[in-house]
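Good morning, everyone, and thank you for making time for this. Please have the sequence and the structure open while I talk, and I will take you through one part after another.

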Amino acid sequence: MKKYIHIPAVSRDLFFKITLLKSMMYCGVLWGLYHQGWAITADQSENIFPFWLNSIQALHYARLHWPNYTPRKITPQDFESALIPLLNKFQVTPALYSASGSRMKLSTPQIRHFFFKQNYVFSPT
């Protein structure tokens with residue numbers, strides 16, 4: 001007699017988030033779009049800083065939405081010394097974008113944990 005395991009249905013949004021979290025752990029580098037400043041967009045009443053896991057996805061998105069912008073690497077040092085102060089100053093929420101344009105908003109500590117944990121040690125002072 002065969003036993004079947006029932007796996008509950010997962011929403012598309014949750015599946016996307018789980019897949020991204022699994023694939024992005026500790027990559028140590030993110031990509032943003034840059035042209036005389038970082039690309040920032042708006043979502044209802046919130047400013048969003050879009051970033052990607054690789055330059056190809058960022059370039060594809062730029063060609064469609066921001067043709068003057070080019071992908072720029074974000075290292076752990078760039079993130080800590082330049083982006084965090086910028087995001088905090090202008091109250092901008094970082095969001096991970098997929099190749100299809102879906103996005104997942106993350107907090108600064110989440111970005112630090114998921115992307116830069118092995119490569120950069122943060123010491124709150």
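Let me begin with what the buried residues of helix H3 touch: they pack against strand S3 (46-51), strand S4 (70-74), strand S5 (92-97) and helix H4 (108-116). Please keep in mind throughout that this is a predicted model. The buried residues in question are Pro-76, Phe-79, Glu-80, Leu-83, Ile-84 and Leu-87, and one of them, Leu-83, is also where H3 has a kink of about 40°, shortly before the proline Pro-85. As for length, H3 covers residues 76-89, and because 14 residues at 1.5 Å a residue should span 20 Å, the 19 Å between its end C-alpha atoms agrees with that expectation. Just after the helix, Gln-91 takes a positive phi of about 50°.

Let me turn now to the sheet. Which strands form it, and in what order? It is an open sheet of 4 strands, arranged S2-S3-S5-S6, and the pairing is mixed. Strand S2 (41-43) and strand S6 (103-105) stand at the edges with a single partner strand each, so one side of each has no neighbour in the sheet. From one strand to the next, the twist averages 45°. Within this sheet, S3 and S5 run parallel and are joined by 5 bridges, and Asn-47 stands opposite Val-92 in S5.

That leaves the charged side chains, where the count comes to 3 salt bridges. In one of them, Arg-103 pairs with Asp-43, with the closest N and O atoms 3.1 Å apart; since Arg-103 lies in strand S6 and Asp-43 in strand S2, the pair ties together parts that are 60 residues apart in sequence. Asp-43 also meets Lys-105 in a salt bridge, at 2.8 Å from N to O, and because Lys-105 lies in strand S6, this pair ties together parts 62 residues apart in sequence. Lys-105 in turn forms a salt bridge with Glu-46, the closest N and O atoms being 2.7 Å apart, and as Glu-46 lies in strand S3, here the parts tied together are 59 residues apart in sequence.

Are these residues buried or exposed? Asp-43 is buried, because its relative accessible area of 15% is under 20%, whereas Arg-103 counts as partly exposed at 33%, as do Lys-105 at 37% and Glu-46 at 26%. To bring this part together, Asp-43, Glu-46, Arg-103 and Lys-105 are linked in a network of salt bridges.

How values were computed:
Residues numbered from 1 in each chain as written. Predicted model: local features only at pLDDT ≥ 70, side-chain atom pairs only at ≥ 80, totals over all residues. Heavy atoms only, no water. Helix = DSSP H or I, 4+ residues; strand = E, 2+ residues; numbered from the N terminus. Expected span 1.5 Å × (residues − 1). Bend = angle between axes of the 7 residues up to and from the residue. Buried < 20%, exposed > 50% of the residue type's maximum accessible area, 1.4 Å probe, protein only. Contact = heavy atoms within 4.5 Å. Pairing = 2+ DSSP bridges. Axes fitted to C-alpha atoms, helices over the stretch in contact; angles between N-to-C directions. Salt bridge = Lys/Arg side-chain N within 4 Å of Asp/Glu carboxyl O.
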